[in-house]
Amino acid sequence: MKAITYLISLLLGLGGGFAAFYIMERGKQPVVPFPHEIVGPDRMQPEKPRGEAARGTRRMEHVDLRTAAGKTVPTVVNVTPVQIGRVYYASPWDFWFGVGHGQVREEEMDMGVGSGVIISEDGYIVTNNHVIAKSDKIVVTLNDKRKFEAKLIGTDPDTDIALLKIDADGLQAIKYGNSDEVTLGEWVLAVGNPYNLTSTVTAGIISAKARALGNKMNLESFLQTDAAVNPGNSGGALVNARGELIGINTAIQSPTGSYSGYSFAVPVNVAKKVVSDLKQFGQVQRVMLGIRMQELTPEWAKQLRLQETAGIYVAEVIRGGAAAKAGVKNGDVLLKINGYDVLTAPQLQEQLAKYAPGDVIRLTYSRRGEKHDLEIKL
């Protein structure tokens, strides 16, 4: 009797197990394989399954940087600053009669290497001021290995921009982009000659705009990127995915002097204005708003009982200045210039650096919580 009881219990247990397995298999959703792939500027994210499995997902836009690299490399040059040094060549008589019987000769000594960008078919080249500073001679080597001695047209240490000219025609020039339209996360290429490695191309994204470097340079409004930039890249091109120039590579922030994550470029809209002034006047023409200002913070806005929590607070309007003539008053908060944000001091500096004396801008500001627009002749 006991054996029959055990047998019945065993059969009931097996039957329950098979029933549970059958129910689980009926309710199980099919597994759709989704392979892991690297996603980058020349790789597309694999298309995800449609329907329920695709809910909340989005296909990454395809970005191909090969065309941009092909357009840019021929327009980037090697810039070699040269100093003329005096070298003493000893004579055998120095051993017997003392130093002074040898010869002193002047010789060329390379000071390093930098990069430059061809901006016109007739040989104008933009580079960094610090690349050619204190040089007696500047040698430019094109991508096709031709060498030219360059004439220095002018420099602007405040923006670290220098303009060179070589005697050549029919050169491939880069196309200007618009640095105001650059967006965070946008793919970019840095092209230059790091460590004298000619025509090196690296890729990254725009990490920040209007970046200040803590008063390390007079210009405090840079494009920040994580594209690798090293010594020798200075003066080279930062371009967008269409191969348009959006910046001149200028600086890196590093404890070692080599790339360690971030680099900085002068926005092309600023560089373009500097180049134009150097060609026309030999020096840069700058504008002044005629205000004493302070960058607004939420804490300070609360103390001043202002509705705006970001912007440029006008602490004082200088009598007779451009802002005073246009009607700006103490306590106004500046918000935009010609439609572009000027919520920080670097943003304001970058926008004003694009204009020349006599230009008229449209200023958007807030007064007692109400927004207004007015025109200012700089």
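## Strand pairing around β8

In this predicted model, β4 and β8 run antiparallel and are joined by five bridges. Within this pairing, Y124 stands opposite K165 of β8. Strand β8 spans residues 161-165 and is mostly covered, four of its five residues being buried.

Strand β8 also pairs with β7 (residues 151-156), again in the antiparallel sense and over five bridges. Here G154 is the residue that stands opposite L163 of β8. The two strands β7 and β8 form a hairpin with four residues between them. In the turn of this hairpin, D160 has a positive phi of about 60°.

## A negative surface patch

A patch of negative charge on the surface gathers E121, D122, D167 and D169. One of these residues, D122, is placed in the loop between β3 (114-118) and β4 (124-128). With a relative accessible area of 32%, D122 is partly exposed; this value passes the patch criterion of over 30% relative accessible area.

## Salt bridges between separate parts of the chain

Side chains of opposite charge can pair when their charged atoms come close. In the whole structure, a search finds 11 salt bridges. One of them is formed by D156 and R286, whose closest N and O atoms are 2.6 Å apart. Because D156 belongs to strand β7 and R286 to the loop between α5 (268-280) and β16 (291-295), this pair ties together parts that are 130 residues apart in sequence. D156 counts as buried at 5% relative accessibility, whereas R286 counts as partly exposed at 41%. Both residues are also linked with D158 in a network of salt bridges.

A further salt bridge brings together the side chains of D180 and K354, with an N to O distance of 2.4 Å. This pair links distant parts of the chain, 174 residues apart: D180 is in the loop between β9 (175-176) and β10 (187-192), and K354 is in the loop between α8 (345-352) and β20 (360-367). D180 is buried, with a relative accessible area of 11%, and K354 also counts as buried, at 18% relative accessibility.

The side chains of E316 and R292 meet in a salt bridge of 2.9 Å, N to O. E316 lies in strand β17 (residues 312-317) and R292 in strand β16, so that the pair links parts of the chain 24 residues apart. Both partners are partly exposed: the relative accessible area is 34% for E316 and 48% for R292.

Most residues other than glycine have a negative phi.

N338 is found in the loop between β18 (333-337) and β19 (340-341). The relative accessible area of N338 is 25%, and the residue is therefore classed as partly exposed.

How values were computed
Residues numbered from 1 in each chain as written. Predicted model: local features only at pLDDT ≥ 70, side-chain atom pairs only at ≥ 80, totals over all residues. Heavy atoms only, no water. Patch = residues over 30% accessible without salt bridge, like charges linked within 9 Å, V, L, I, M, F, W, Y side chains within 5 Å. Areas by Shrake-Rupley, 256 points an atom, 1.4 Å probe, with all protein chains shown as cover. Salt bridge = Lys/Arg side-chain N within 4 Å of Asp/Glu carboxyl O. Lys, Arg positive; Asp, Glu negative; His and termini not counted. Charge placed at Lys NZ, Arg CZ, Asp CG, Glu CD. Buried < 20%, exposed > 50% of the residue type's maximum accessible area, 1.4 Å probe, protein only. Pairing = 2+ DSSP bridges.
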